[in-house]
Amino acid sequence: MKINFSLLFFLIILTSCKNTKEPTITFEPKKETQLILVNKTTDFITIDGHADEVIWQTEPWFNIDQLWLGQPYDSTDFNGRYKLTWKDDALYALVEIRDDTLYDQYSDPLKLWWDDDCVEVFIDEDNSGGEHQYNHNAFAYHVALDGNVVDIAPGEIPTLYNDHIISKRTTVGNISLWEMKIKLFDDTFIDGQQNKPKTLKANKKIGFAMAYCDNDSSKERENFIGSIFVPGKDKNQGWINANIFGTLQLVD
């Protein structure tokens, strides 16, 4: 029997290719960085974009000052900071943004939302870290100037999550104040179904970061500025890797 060695070699190579798996990215266990203790409040918080509640007068500010994307900027272009508190039903945030230009070029909230000015809130409900690019192991909520809240659902589907974060923005001059009620959902969240937000308790730890997409009228955002130092050259990891989030610990 005559053997066709060329055909045999081709079949060996084809079988080898079929058995070769794409390399997978592995994530190390999360290391706690920027541990922030968040005090509980008994205040009734009205989400109106005004810091009238007592808790906002007593809690400390935390800076949004780490350049994740773009060119260096100065304080006349951007300056950001935030405060946090919690109740049983949600995490609450007060975000102050000093920005010389607020820019919203797309009326469709699901079109290139990251290229408009927006606050981005990163939440990992159980502080487990790991990959969350197209799943709900963690959330990367983009809160637009008009209050729409966008993240990417499984299947790479841009999705509105307006019931996850209720917000109100007020702007005077170049200072915008965002008040937010942030409901927390765990990794069992399924889009299109009834999902119950988590009830918060003292000593709970939450993966967290705050960021801002700044665009002064360009086609693409000019800066992306976060609250967490990210080592290495690639600092735009928050939308994929929950390991880079800081950690909140709720205090009664």
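The model is predicted: local features need pLDDT of at least 70, side-chain atom pairs count only at pLDDT 80 or more, and totals for chains, interfaces and linings use all residues. Residues are numbered from 1 along each chain as its sequence is written, and side-chain values use heavy atoms, with hydrogens and water left out.

First, the sheet. It is open, with 5 strands in the order E2-E4-E5-E11-E10 and antiparallel pairing. Strands here are DSSP runs (E, at least two residues), numbered from the N terminus, and two of them pair if DSSP finds at least two bridges between them. Strand E2 (62-64) and strand E10 (165-172) are at the edges with a single partner strand each, so one side of each has no neighbour in the sheet. Inside that order, strand E4 (residues 78-87) pairs with strand E5 (residues 90-99) over 10 bridges, in the antiparallel sense. Arginine 81 has glutamate 96 in E5 as its bridge partner.

Now the pockets. A pocket is an open set of points on a 1 Å grid over the protein atoms alone, where a 1.4 Å probe fits, with protein on both sides within 12 Å along at least five of seven lines; lining residues have an atom within 4 Å of a point.

Of its 15 lining residues, the closest to the centre are Trp113, Trp114, His142, Ile152 and Trp239. Strand E7 (139-144) and strand E8 (149-153) are the elements that give two or more residues to this lining.

Definitions and conventions:
Helices (H or I, at least four residues) and strands (E, at least two) are DSSP runs, numbered from the N terminus.
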